Structures are given as structure tokens and as C-alpha cells.
Amino acid sequence: MANGAPGGALREFAKWGAEQLLWRRVAVQRVVEQRSGRARSRPEVTEPTGVLSTRADWEHACTQLRALKLPLHRDKPKNWDALAALSFVLENVSPTGAVLDAGCARYSTLLPSLRLYGFTDLFGNNLEWSREAHHGPVRLVPGDMTATSFPDARFDAITCLSVIEHGVPIKGFLAEVARLLKPGGVLFISTDYDQTPPDTTGKLAYGQPVHIFSPDEIRTIASQADDAGLRLIGDLKLEHAQRPVSWARIGIDYTFLSLG
């Protein structure tokens, strides 16, 4: 009975260590780049609304991130939406703008990447965190992404990567986003998706039933976003050639979708 607690403590320590290492590398890299005086190259501009269609798509994202000397997510397919979110924010928000990565993990790579591009008003929040952490101007704060303590019109951009499929009340989240965004602000969401979702009956992850959104569910989310006053940029694309994401522990293949 006593084995669970030490194991949990070790996992938390490992996450803390990975977080510290990530931000230490970012700080060192910023100093080196500032001393060089060279402007940082940007990633390719991508459509904010789209589907990860093939393995080559996420491999290309990884190649770009390496070439740009940006942190990579250890789960390689997740670099596809991380890079798309980064490109979207860079195209729509200046480095003086405020960005919230809603429901992010402490090891998420988007905020570190934005920091390397000179952003200075960056926040992440997560309901599961018990403590606040600062990394220079970046604040990681505990909080419910459907009911935050931030003031109205606080952010120029909000991102939410691979979170809403984990039992998030979608209407509540979209209503909170609409409250938090400044006029003209932008939202980028990514989520687990499949045009013919695999059976996930009885499968659990992160304390919630595993859920892969279907085309009809994505259309509903887009409609709910419209009701909240959020306009979709681009056409809703729902078809994909492959299932380039494999969740080995759960035993399913599927893909990712982004909405911007």
C-alpha cells in the first residue's frame, strides 16, 4: 500500500526537473541570441484550421523546430500543433502582446518558444497545479480554464493544445475565452480527432475516459464558438489520409485537428 506515494513523488520531482531544465536552456539560448544580434527566423505560416493528415506532416514540423532551434515535445506528433500554434500567434500578436496557454502542462513547449521570440507577457494555467511558478516574465498559475481569475479582455491570444478532449466543458471554456480575449484577439485550439473515431470504450487516461472527437462533434464545437462570438478563420477541414498518431498505452490510432 505504501508504494504509490513514493512513486508519485518521484514522478512529480522528475516533472519539476524537466521543467527547470527546459527553462534554463531557454534562458541561456536567449542570452546567446541577444549577444549575436541576429534576428530570429520564423516558422512557415500555416493554416490555423486544419487536420494532421500524414506522418510526413508532423515529421516536417519536427524538422522545422530543430532548424529554428526551438524546443521539441517528446511526443513527436504533438510538435505539429505546437508549431501551428506558434506560427498563428507570431502572425497575429506582437511580442508585447499577452498570451495564455490554457490547460498547458509544465513541459509544454509553446510558451518557451514564444519566450525565445521575445514575448514578455506569457501565462499558462492548469487546474491540477498546486503551486505557482515563474520563469522570468512567464507565469504558470493554478486555475480552472473555464473560470479563471484573470480580468476581462486580458489577452491578445489564447491557445489550448490537446486539452479539451479530457472532459473540459466546452461551452464554459469558450465563454471564458470570449471574456478574456481583447477585441480582435485570437484563439487556437487543437484536439484529438478522427474522421471515423476508434472505439475507446472503457479506456481511461488522466483520470478521464479517453475521447476522440468525431466530425459532427467538431462541427458542434465550431457552432458553439460562433455562439460565443468567436469566428473561425479558414474552412473547417475534417478529412485526413492517414491516422498518423499512435497512443501505444491505450492501443489506438487517430490524428489531431486544429481550430483557429
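On a 1 Å grid over the protein atoms alone, a pocket is an open set of points with protein on both sides within 12 Å along at least five of seven lines, a cavity is a set of points where a 1.4 Å probe fits but cannot get out, and lining residues have an atom within 4 Å of a point. Grid points are joined across faces, edges and corners, and a volume is the space filled by probe spheres set on the points.

The model is predicted, so local features need pLDDT of at least 70 and side-chain atom pairs count only at pLDDT 80 or more, while totals for chains, interfaces and linings use all residues. Residues are numbered from 1 along each chain as its sequence is written, and side-chain values use heavy atoms, without hydrogens and water.

**Exercise 1. Describe the largest pocket and its lining.**

Step 1: begin with the space, which comes to about 1,400 Å³.

Step 2: turn to the lining, which has 46 residues; G103, A105, Y107, N126 and E128 lie nearest the centre.

Step 3: sort the lining by class. It holds 19 nonpolar, 13 polar and 14 charged residues, where Ala, Val, Leu, Ile, Met, Phe, Trp, Tyr, Cys and Pro count as nonpolar, Asp, Glu, Lys and Arg as charged, and the others, Gly among them, as polar.

Step 4: find the contributing elements. Helices (H or I, at least four residues) and strands (E, at least two) are DSSP runs, numbered from the N terminus. At least two lining residues come from each of α1 (4-36), α3 (78-92), β10 (245-247) and β11 (252-259).

**Exercise 2. Check the length of α2 and work out where its buried residues point.**

Step 1: list the buried residues (under 20% relative accessible area; exposed is over 50%, partly exposed in between; 1.4 Å probe, protein chains only). They are W58, A61, C62, Q64 and L65.

Step 2: look down the axis. These buried residues of α2 fall within an arc of 160 degrees, so they line one face of the helix; the arc is that of the directions from the helix axis to the C-beta atoms.

Step 3: see what covers them, which includes α3.

**Exercise 3. Is S162 buried or exposed, and is K69 buried or exposed?**

Step 1: note the backbone. K69 has a positive phi near 55 degrees although it is a residue other than glycine, and phi of S162 is likewise positive, near 55 degrees.

Step 2: K69 sits in the loop between α2 and α3, and S162 in the loop between β6 (155-161) and α5 (170-180).

Step 3: read the accessibility. K69 counts as exposed at 59%, whereas S162 is buried at 12%.

Note on methods. Expected span 1.5 Å × (residues − 1). Contact = heavy atoms within 4.5 Å.
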